[in-house]
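Hi,

Here is the structure I promised to pass on. Have a look at it first, and my notes on helix packing and aromatic rings follow below.

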Amino acid sequence: MRHRTKEPQAEKTEEDRKVDQDHYLTMLKLDNYGFTKIERLPGNIGLLEFQAFAPPEHAGETASGAMMFLANTNGMIIDLRNNFGGSPHMVAFLSSYLLEPSPRLLNNLYWRKNEETHQYWSLPYVPGKRFGGSKPLYILTSRKTFSAAEEFAYNLQTIGRAVVVGERTGGGAHPGKTYRINREFEVFIPNGRAINPVTKGNWEGVGVLPDIEVPREKAFHMAYTTLLESELKRLADKPTAGYKRVVDEIKKSLEKNEM
């Protein structure tokens, strides 16, 4: 329950709601739908950082462009340390780029009002090229990682697709609404719950527990160094000039990381 000191607001009109929606969509666009960094790191490791799972009907093109940029990297780090969540549909959309085309059930959302359960599956088709379901994938988390961002990490962790590195997440798995009690108080009441198809549970109240638990400020270094070391072993006996160049990048990056 959260204390509020504002005076209660009048019920919004349809025109007010339309203005709010327009402002929201403008904000999303100007924030690049939450996508803040897309980079090929030395050693051909991809880095994707974004701060929200914006609805794919608005952010799908931007998300697809980001994933296609990273499709040819040999490993990927997805930074969710400042991601507060958003749409479960975007969770499924982005996850599809990190899996094989065969659809996979990722999560269920049970809604109490009508006793309904909505399923969220990976997609058999995505625009552009997939990163795929076999290359190394690391997800960075912090205590600020919340809601749909937690679902993304939890889903991929439970099926063995991703290694989660960082801090235990915030622990918000139950969707709901905020209701005003009086002029000074409002309360958030859950009206549904996530049900993972593997664990039959979720991360509500406990958060997503990392596979490698380190403070948030050390999570990137840990994940990147681990990826570089595994890639160095994998590529050490590759004879072609292209592989040699990447191996040289890896060695230089590891030397720099040790300094």
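On the H2 side, the residues that meet H3 are Pro56, Ala59, Gly60, Ala63, Ser64 and Met67, and their partners in H3 are His89, Met90, Phe93, Leu94 and Tyr97. Sorted by class, this contact has eight nonpolar and three polar residues, with no charged ones. Bear in mind that this is a predicted model.

As for the geometry, H2 covers residues 56-70, and its axis comes within 10 Å of the H3 axis, crossing at roughly 20°. That angle is under 35 degrees, so H2 runs roughly parallel to H3. The crossing of the two is right-handed.

Now the rings. There are six aromatic pairs in the structure. One of them is Phe50 with Phe53: the ring centres are 4.9 Å apart and the planes sit at 70°, so the pair is edge-to-face. Both Phe50 and Phe53 are buried. These two also belong to a cluster, in which ring pairs link Phe35, Phe50, Phe53 and Phe152.

Within H3 (residues 88-97) Phe93 and Tyr97 are four residues apart, so about one helical turn separates them. Phe93 is buried, as is Tyr97.

Cheers

Definitions and conventions
Residues numbered from 1 in each chain as written. Predicted model: local features only at pLDDT ≥ 70, side-chain atom pairs only at ≥ 80, totals over all residues. Heavy atoms only, no water. Phe/Tyr/Trp six-rings, centres within 6.5 Å; stacked < 30°, edge-to-face > 60°. Buried < 20%, exposed > 50% of the residue type's maximum accessible area, 1.4 Å probe, protein only. Axes fitted to C-alpha atoms, helices over the stretch in contact; angles between N-to-C directions. Parallel < 35°, antiparallel > 145°, perpendicular 65-115°, else oblique. Left-handed = near helix turned anticlockwise from the far one by under 90°. Contact = heavy atoms within 4.5 Å. Nonpolar A, V, L, I, M, F, W, Y, C, P; charged D, E, K, R; others polar.
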